[in-house]
Amino acid sequence: MTVALEELRTLRDTGRLAAGYPRVAALLAELTDTADRPDAETADELRRCGGLLARLRPQDVLAHHPDTPVATVAVTGHSGTAQLTDPLVAELARHGLLPRLVTGDHGAYLRDLTDPDSPLRRCGPQLTLCVLGADAVHDELRAPWTVADAEQAWHRLLDRLHAVAAAHHADGTGALVLTTLPLPRRLTHQIVDQQQRALLGAVWRECNARLLRLTAEHPALTVVDLDPLVGESGPATDPRLALYARSALSPAILSALAREAVHVLRARQGLTKKCLVLDLDNTLWDGVLGDDGPDGIACGATLRGEPYAALQRVAKQLAAQGVLLAVSSKNDPGPVAGVLRDHPDMTLRADDFVSVQAGWQPKDAALRDIAGRLGIAADALVFADDTAAERALVRHRVPGAAVVPLGREPARHVDRLLADGWFDTPTVTDDDRHRVRHYRAAADRSRLREAGGSYEQYLRELGIELDISPPRRHELHRMSQLSLRTNQFNLTGERVPPERMAALCADPRQLPLAVRVRDRYGDSGLVGAVLARRDGAALHIDNFFLSCRVLARGVEHGCVSALLAHARDRGLSAVGARHRATRSNGRTRGFYPSLGFVPRATDTGEETHYRHDLAEIPGPPGHLSVRADFEGDTDAC
Amino acid sequence: MRADRTAGLAGFLDAVREELGLDLTEEQAGTDIDLLPEWDSVHLLRLVMLLERESGRAVPVGAVLAARSLREIHALAAGGPGDTR
């Protein structure tokens, strides 16, 4: 038994579990930071922790810690879902979320998910999970059955799932997660005709494929493909659980599903991690550079090097999709630079990294340094290292950063890195693909900044061009993604999932605006959005969010100044604005007042409503050239 | 092979406490399981798996489902006649 489980038990036995809830995520992070323990053991222990936590009442935790983020999760399925509760609670708690689980009636998933008055829909869940096993088809078959019967049963199931997805799209909340149906041998081998058996396999997979393709039509839907999970952690089912407990999936698969589902929730809430920080010695190559020298390390196509080459290739693959790569290594900087530049076996080169911290400072300081240079929060980092002590240091001193435990067997490094979907995102956008280029330009900018002169002079030399206009159709995903990813400059903290962004852009009362920025170092692309709304003789700014990449350059002032001028030119009487304080946007509290907005006197607490009477409009900062087009062109949505 | 810590009732109850996270006294071993605080039918199959893992023997699930107390379940796993009281 690990310290985590023991400590949770002690907290429970002494009645302090609710009061101690903020400790839970760190305890579970410690539990999962086990590089050389079999995954099944870790999953089992995590599930037992979930069993303890599942008995906590959310209101008791909130009484002690009112700011704990609550995740309301609705769970239903074709058969029993009771076995999912403990692993799901544990996974939510791992991410610092306080679970509020609402479970459906046995076998009534269709009603649970399509009736607007069902308890599962009324609770307004952030995540709805509908677990499906082979029994969703099998239960419809009456002996003697044929492959054609199975196909018809599948088609009826797909019709029902279409209805579920459509109902969710119409008026559901949050993310909807379905699963594919694993095909059990005890079903295929009821058919003795070998050709027909093969046909059953084909039909089954075609139907699973149609289920997976439903996600293309419904942005709020994720279908978790259980095949890779079964391949990794199978068997898919346990016959005794299936028949005695009506649980269609084995405990191991339910644990794996819980892990995936919570990453869907994280991605939807904008908690996608941004940067992977890699160790070097025995992580990206075999050997210790300081001891073995560049000729003694291995990361090429040799028995010794291949596992490390594989990890480097996967890191490069992630980087191509917008994950920033950095290095934190206890090494002298010179030899590291030499290997990154000259070593013939390296897949990753200096250009692939946005920051290389080679030195002897503690790794927690190196990680904070990396985050600081990139202008991202330290909790957006994922740290992969083969040394347990370094990971423990980072877990304790960089709260919120994720650690990837790499063990003694390098062939498992890739699986360890991908075990959690830290970088999962609803959709990869063009901006993601160009992210490394943007951060490189940022490094050039900081060199200009460090070259001396006043900040004003620096801003003028940047030659910033600001473009603000309604978004084009292809920009909607990026607009939504920005709302998910921005924290420091998100003036209400509110997130807009892709489907809502599309609806918002189609509404003639709304005036969504995309903010694009470029300067002499390159095009930063779509970096912000103003969500404004026309209301009679006034204009309201419902939200405004901006990437931290362009903060402190007057862009935010330029945008609102342009909007105020537009309102005045249209003869409007006022512009309203709304600010809601969050844990991360504290520095924006004075933003609207700095532009002449006056707060409504009656506001107290977190939310403030402002009004600008348009009598005196501040001009845009002098160093910006602003191009504003509030009507949009023909391609605008 | 490692010793089966669930062979005796006390060890079995320890394992139950650990596996199911239940706070049980020895007296409660004879209580009707449906009357145990925090009891859930999900626990029964977990118990079966626990007993099999510890003892290395198959446990008859049908009989466990019919058993009314933890003492009876323990007796079933041990292979002897259950105390049906």
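User: How do helix α1 and helix α3 of chain A pack, and at what angle?
Analyst: This is a predicted model, and in it α1 (residues 3-13) and α3 (residues 39-54) of chain A pack at an angle of about 10°. Their axes are 10 Å apart.

User: Parallel or antiparallel, roughly?
Analyst: Roughly parallel, because the angle is under 35 degrees.

User: Which residues make that contact?
Analyst: From α1(A) you have A:A4, A:L5, A:L8, A:R9 and A:R12. The α3(A) side brings A:E45, A:R48, A:C49 and A:L52.

User: How many bridges join β1 and β2 of chain A?
Analyst: Six, with β1 (residues 70-77) and β2(A) pairing in the parallel sense. To find one in the structure, look at A:T72, whose bridge partner in β2(A) is A:R100.

User: How does the chain get from β1(A) to β2(A)?
Analyst: Through helix α5 (residues 82-94) of chain A. That β-α-β crossover is right-handed.

User: What about the β4 end, how many bridges to β5(A) there?
Analyst: Four bridges join β4 (residues 175-179) of chain A to β5(A), and the two run parallel. One pair to click on is A:V177 with its bridge partner A:T222 in β5(A).

User: Zooming out, what domains does chain A have?
Analyst: The domain assignment gives domain 1 (69-268), domain 2 (275-418) and domain 3 (430-628).

User: How far apart are the centres of domains 2 and 3 of chain A?
Analyst: Their C-alpha centres lie 35 Å apart. The contact takes ten residues from domain 2 of chain A and eight residues from domain 3 of chain A.

User: What kinds of residues does domain 2 put into that contact?
Analyst: On the side of domain 2 of chain A that touches domain 3 of chain A, seven are nonpolar and three are polar, with no charged residues.

User: Now chain B. How many of its residues are in contact with chain A?
Analyst: Nine residues of chain B, in contact with eleven residues of chain A. Helices α1 (9-20), α2 (42-55) and α3 (61-66) of chain B each supply at least two residues of that side of chain B.

User: And the classes on chain B's side?
Analyst: Five nonpolar, one polar and three charged residues.

User: What's up with phi at A:N282?
Analyst: A:N282 isn't a glycine, yet its phi is positive, about 60°. Most residues other than glycine have a negative phi, and most peptide bonds are trans.

User: Where is A:N282 found?
Analyst: In the loop between β6 (275-278) and α15 (289-292) of chain A.

Key
Residues numbered from 1 in each chain as written. Chains lettered and ligands numbered in written order. Predicted model: local features only at pLDDT ≥ 70, side-chain atom pairs only at ≥ 80, totals over all residues. Contact = placed C-beta atoms within 7 Å. Nonpolar A, V, L, I, M, F, W, Y, C, P; charged D, E, K, R; others polar. Pairing = 2+ DSSP bridges. Axes fitted to C-alpha atoms, helices over the stretch in contact; angles between N-to-C directions. Parallel < 35°, antiparallel > 145°, perpendicular 65-115°, else oblique. Domains from an automatic or database assignment. Right-handed = clockwise from strand over helix to strand, strands pointing away.
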